[in-house]
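Below are some comments on the structure you sent.

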Amino acid sequence: MEVLREKVEEEEAAEREEAAERAERMEKTRPVEVQKEETILTQEMLRDLEKKLSEIKIPIPAGTPVITEDTIDVSNLPLSYKTNTPKEEHLLQVADNFSRQYSHLCPDRVPLFLHPLNECEVPFVSTTIRPTLMPYPDLYNWDGCANFVSDFLTKVPLPDPLKPPSHLYSSTTVLKQQKGNCFDFSTLLCSMLLGAGYDAYCVNGYGSQALCNMDLTREVCPLTVKPKETVKTKEKAQPKKYTIKPPRDLTSRFEQQQEIKKQKEAKAQKEKQQREEEERLLEAEKAKPDPLHGLRVHCWVLVLSGKREVPESFFIDPFTGRSYSSQDDHFLGIESLWNHRNYWINMQDCWNCCKDLVFDLGDPVRWEYMLLGTDKPQLSLMEEEDEGLNDDDDIEDLGKETEDKSFDMPSSWVEQITISPEAFETRCPNGKKVLQYRRARLEKWAPYLNSNGLVCRLTTYEDLECTKILEVKEWYQNREDTLELKHINNSSGLHTDYFRPGHPQALRVHVYKTMQPENDRIMEFYETARVDGLIKREETPRTMTEYYQGRPDFLSYRHINFGPRVKKLTSASTESNPRPMTKITERFSRNPAKPADEDVAERVFLIADERIQLRYHCRDDYITASKREFLQRSEVDSKGNKIIMTSDMCISFEVEPMEHTKKLLYQYETMMHLKNEEKLSKHQAWESELEVLEILKLREEEEEAHTLNISIYDTKRNEKSKEYREAMERVMHEEHLRQVEAQLDYLAPFLAQLPPGEKLTRMQAVHLKDECLSDFKQRLIDKANLIQARFEKENQELQKQQQWYQENQVTLTPEDEDLYLSYCSQAMFRIRILEQRLNRHKELAPLKYLALEEKLYKDPRLAEFLKVLA
Amino acid sequence: MLSSGKMNRIYDSVEPRVIDDDMLKLAVGEQGPQEEAGQLAKQEGILFKDVLSLQLDFQNILRIDNLWQFESLQKLQLDNNIIERIEGLENLTQLVWLDLSFNNIKVIEGLDTLVNLEDLSLFNNRISKIDSLDTLVKLQVLSLGNNQIDNMMNIIYLRQFKCLRTLSLSGNPITQAEDYKMFICAHLPDLMYLDFRRIDDHMKDLAEMKYQYTIDELKHREHLRQAQLQEEQAQIMKLEEYKMAFVENLNGSFLFDSMYAEDMEGNKLSCLPIVGELLEVYKDKFVIICLNIFEYGLKQHEKRKLELDTFTECVQEAIQENQEQGKLRIARFEEKHLLNLSAIREESELLAIEKKIVECSEDITELFNVLMTLELQLVEQLEFFADKDTIVNAVGASHDMHLLKIDNREDELVTRINSWCTHLVDKIHKDEVMRNRKRVKEINQYIDHLQSELDNLECGDMD
């Protein structure tokens with residue numbers, strides 16, 4: 001207690017001293033701002049102070065950066081990354097000052113992590129945080145953000161695990177490189193959380209070895225943790241006024257007590273054994289003690305309660321994206337924390353990890369702040385400990401409020417954080433990430449990366465060394481067969497496939513050991529998607545059980561027993577030789593439209609025995625149900641006549657004997673009906689068997705093909721829509737070109753000659769028309785001349801060549817001759833084409849001329865003048 | 001069948017007949033089940049009350065009779081006879097299909113009890129008015145062709161049959177009217193077929209437009225009548241409720257008026273000048289008290305109802321639980337019993353069989369004992385607690401209030417409440433006794449069945 005008191009006093013002293021100094025500093029900072037006015041008086045004071053302060057040496061954080069600067073392309077970065085604004089310079093000065101004071105006051109503490117180097121410059125930590133709200137709904141909540149950051153970036157260890165890094169890169173670079181150390185992780189996450197409206201802070205502190213190395217091998221994989229079954233607190237109904245008393249209990253109390261005692265002992269024994277076992281296991285699992293425990297620097301994110309309905313402050317480890325309570329054992333201490341507004345130094349003792357820390361940042365005793373922001377967190381009054389300090393505080397507060405609103409944190413130099421949709425979808429670097437947990441291994445892939453749609457695989461192991469596989473769970477996405485999750489249990493050999501709604505056979509779950517038919521298998525269905533309302537079909541080698549729901553005939557259950565397959569002489573395939581059915585049991589739910597005595601609850605066709613058993617539903621206030629049993633024996637009486645029906649062929653018990661049911665006729669009709677039903681049921685069973693075969697075949701095909709679905713909204717992957725879109729774009733482009741051409745104005749060059757802004761006179765219009773026409777005529781003639789000229793030139797050339805050939809015909813090599821011949825044919829071709837063109841031009845030219853003339857007459861600009869003329 | 005019918009007709013054409021037993025027996029025999037089932041039927045004989053369908057056409061029948069036994073008859077054909085009056089069909093309440101075409105019927109009558117009738121054919125008769133069909137609410141098909149119906153108002157009568165879809169009136173004088181079809185379409189909007197033809201929507205629309213005003217008026221009138229009926233019903237319901245609460249006629253001055261209605265002296269007194277005013281004041285106060293009592297009574301009634309509900313609920317719960325237990329026992333027993341029986345069937349040694357049979361019958365006795373114990377337990381439980389005090393309590397409280405009241409009325413109230421109470425308790429007891437007897441009977445029956453089954457088995461094995 002005494003020690004504590006002393007400590008408090010020390011702190012008080014420090015506080016007072018600092019307050020005084022701060023006041024000085026305030027004075028200093030002001031002149032800096034008004035430096036242009038050159039107030040010499042304060043300038044001197046400043047120099048004096050600076051001199052004094054500069055005597056205090058600060059240890060410079062040093063270390064080799066992992067991302068060396070030459071790996072980063074600095075040239076593309078915006079200017080704000082390379083230079084400091086005056087305000088930032090000012091801030092750096094303030095920070096330097098603050099740092100000096102701090103090392104003066106607390107010489108035994110580690111230097112502050114205030115202004116690490118960025119890619120090119122020396123900024124301040126807080127301005128590295130750029131609050132940005134991401135345009136993805138998944139990133140609106142903290143868990144989404146944390147998971148994204150942990151997935152998106154690859155972890156790079158700190159250059160020196162005991163010191164903060166010398167460089168702190170902007171989130172832009174980190175995102176581009178997709179790797180970073182814990183500080184980079186935290187900065188990015190913090191930016192995103194702040195953008196999403198959380199009260200988030202980057203924390204510089206000390207973490208456990210597992211935390212710093214992102215070692216999850218001692219953690220239980222979150223996917224393997226089964227959700228806790230909500231304990232059903234069945235509200236015991238209030239005993240009603242008239243509730244009857246239970247019959248008197250006549251068993252011996254003593255015996256009961258003895259029994260309970262015995263059971264308790266046995267239980268205790270068992271529990272003890274179990275506990276011992278557990279302890280032994282724990283012992284084995286325990287890690288070696290870490291020699292650097294408590295010294296490893298780590299950076300994580302703190303989210304304070306209050307904003308976004310966060311009920312309690314918690315930590316997020318940016319490496320794993322998991323949240324921890326602020327009392328967690330992994331977090332061993334806090335040096336300082338910051339966000340885009342301010343920087344706080346922890347003044348509390350961390351002897352008990354972070355468990356006793358109070359995150360009340362407005363409390364200057366616990367948290368020393370660097371800037372007096374306008375938005376400083378509320379000082380909770382109930383936490384006020386030192387009555388004596390109250391006055392000082394008040395004075396300080398006053399001072400702050402009056403003098404120090406002048407300086408706040410400059411806005412971030414970092415560009416807005418952007419993540420492209422592709423990068424967001426790919427998530428992990430190269431779309432793949434592997435995490436090792438305790439007895440589990442988690443692999444993640446980006447969608448569409450694997451051709452079979454695999455996006456996640458969780459392998460659970462039996463032992464800590466991860467050699468014996470216990471079970472494998474594979475999650476799929478975008479599968480055409482709507483397969484969602486595949487679960488393989490190695491110990492039981494059971495495969496379980498889960499499907500989303502939309503499978504062509506309405507399959508929901510498929511549990512099997514092999515894909516061979518007539519084996520143990522369970523298929524569950526989306527019953528609303530099926531016409532027959534089948535929910536579940538269970539199979540064993542000898543039975544098949546089906547469960548139905550919502551059928552108009554009220555069938556709810558059908559159980560089929562198969563006998564051994566009869567070997568046919570002609571060895572036929574399985575399809576044509578179905579197993580014989582020995583028994584079919586069908587159960588029906590109550591049909592409210594029928595009286596209970598006529599509503600069959602269960603009917604059993606004993607096919608081998610030629611018997612049919614019926615059990616009816618029980619009446620509301622009865623405890624026995626009617627039963628009927630038919631023997632289908634076709635016997636012949638003594639005279640050789642066939643016995644149709646005798647009373648011993650139907651044994652029945654009726655709850656309330658009725659007259660008409662005793663009649664043989666009734667029994668006969670019922671039996672005939674049942675025989676028919678038996679046939680139908682057999683057929684149904686046969687169809688079910690066929691369906692199983694069909695489903696198995698389909699599943700095999702699907703597994704083989706494993707085609708992936710591409711949403712029509714996915715413009716990048718959907719080839720069809722891409723083609724279509726491109727075609728559309730092409731068409732649009734062509735259309736545009738045509739329009740531009742159509743808009744070419746043939747009058748424009750002539751109109752331009754006229755003085756602008758004046759109305760055309762008739763004379764001008766006529767002149768314009770004539771000019772235009774003559775110009776066109778000239779063009780046509782020119783064109784004809786041009787063709788003519790080319791034609792003649794070709795002709796001359798040809799003649800020349802021919803002449804040359806004639807002259808040298810004797811001395812020519814066959815190659816030269818070939819050359820000549822090919823030239824000739826080409827030249828002839830050209831000449832012919834030119835001739836054709838010339839003829840065509842001659843034909844069309846007058847027409848074109850007339851067309852232009854007509855067009856000119858119709859031109860809205862000239863029409864009225866020319867009409868008169870015409 | 002047909003040929004025999006024709007023969008009959010020719011044979012009997014001279015003499016009109018009355019339906020008699022012989023005719024019915026013959027018809028039932030001929031129209032009953034055929035082949036194997038027919039042999040069985042012949043062997044056993046068919047009871048009239050099991051017959052579902054009967055055909056009596058071309059029999060020259062003049063009078064319907066002797067049909068009272070056919071309780072479950074659903075289809076009856078009496079066409080092509082010379083019937084003049086519809087009679088003797090009162091007992092055939094299950095009838096769905098009735099064919100009386102080609103007869104000499106003049107008036108529709110005697111169909112009031114056939115509430116399930118859906119299809120009625122009176123084709124080719126001498127009917128001139130559609131009437132007496134009010135109770136046939138399920139009527140879907142009505143065939144009245146070739147009759148003498150000549151008034152359009154008959155159509156409006158048919159508006160009350162909400163299920164009527166098919167109507168035939170061809171060959172009636174009414175069809176001569178020029179807007180005959182329109183009129184029917186407008187007045188029977190749910191009708192689908194008229195005179196063997198489907199009514200198209202266009203026709204319906206046209207008809208609706210044409211007769212909009214008359215139909216609206218009709219509808220309005222019908223609506224008013226409906227509302228009135230409902231109101232009356234509600235009134236009756238309310239009165240019933242008040243009666244249940246024993247406070248009927250207390251929410252007004254009825255009691256006061258009735259008091260003075262017989263009080264000659266009082267009437268005389270009221271003639272005096274001041275007494276009149278006093279009487280008014282008295283009356284007002286009286287009515288207020290009456291209203292108080294009325295409300296109080298209703299509240300007490302609610303309370304009683306609640307009490308009674310919890311009571312029945314608890315009893316039901318107990319019975320239900322008991323029932324479940326019984327069912328469980330039986331299910332368990334049956335499982336074992338079945339195994340035992342099959343074991344006996346397979347056993348070949350006589351001694352072993354006998355031993356097993358003895359075991360079985362022991363099981364049966366045990367089951368009987370268990371079930372009976374369960375039942376007795378329930379009876380005991382129910383008996384001890386069904387004390388009426390709690391229910392009477394509510395009555396007692398209201399009694400105090402009633403002291404303020406005129407003796408006469410109070411006595412009536414109290415006696416009624418008491419009688420209600422005793423009645424209730426009696427009923428509960430009676431119900432319980434009934435239930436108990438039923439259950440004991442059921443158990444005995446079941447045990448008997450099991451025993452006889454076992455005996456049969458025994459006999460079979462002995463043979």
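1. This is a predicted model. In chain A, C456(A) has a relative accessible area of 13%, and C456(A) therefore counts as buried, the cut-off being under 20%.

2. In chain B, C314(B) is likewise buried, with a relative accessible area of 2%. As for disulfides, a search over all chains of the whole structure finds 0.

3. Chain A contains an open sheet of 7 strands, with antiparallel pairing. The strand order is β6-β5-β4-β3-β7-β8-β9. At the edges stand β6 (322–325) and β9 (367–369) of chain A. Each has a single partner strand, so one side of each has no neighbour in the sheet. On average, and ignoring direction, neighbouring strands of this sheet are turned by 35° against each other.

4. One pairing in detail: β4 (residues 297–304) and β5 (residues 314–317) of chain A run antiparallel and are joined by 3 bridges. Within this pair, V301(A) stands opposite I316(A) of β5(A).

5. Helix α4 (residues 86–105) of chain A packs on the sheet. Its contacts are with β7 (331–338), β8 (343–346) and β9 of chain A. The direction of helix α4 makes about 5° with that of β8(A).

6. Helix α8 (residues 182–195) of chain A also packs on the sheet, where it touches β3 (199–207), β4, β5 and β7 of chain A. Between the direction of helix α8 and that of β4(A) the angle is about 10°.

How values were computed: Residues are numbered from 1 along each chain as its sequence is written. Chains are lettered from A and ligands numbered from 1 in the order in which they are written. This is a predicted model: local features need pLDDT of at least 70, side-chain atom pairs count only at pLDDT 80 or more; totals for chains, interfaces and linings use all residues. Side-chain values use heavy atoms; hydrogens and water are left out. Two strands pair if DSSP finds at least two bridges between them. Helices (H or I, at least four residues) and strands (E, at least two) are DSSP runs, numbered from the N terminus. Axes are lines fitted to C-alpha atoms, for helices over the stretch in contact, and angles run from 0 to 180 degrees between N-to-C directions. Contact means heavy atoms within 4.5 Å. A disulfide is a pair of cysteine sulfur atoms within 2.5 Å. Buried means under 20% relative accessible area, exposed over 50%, partly exposed in between (1.4 Å probe, protein chains only).
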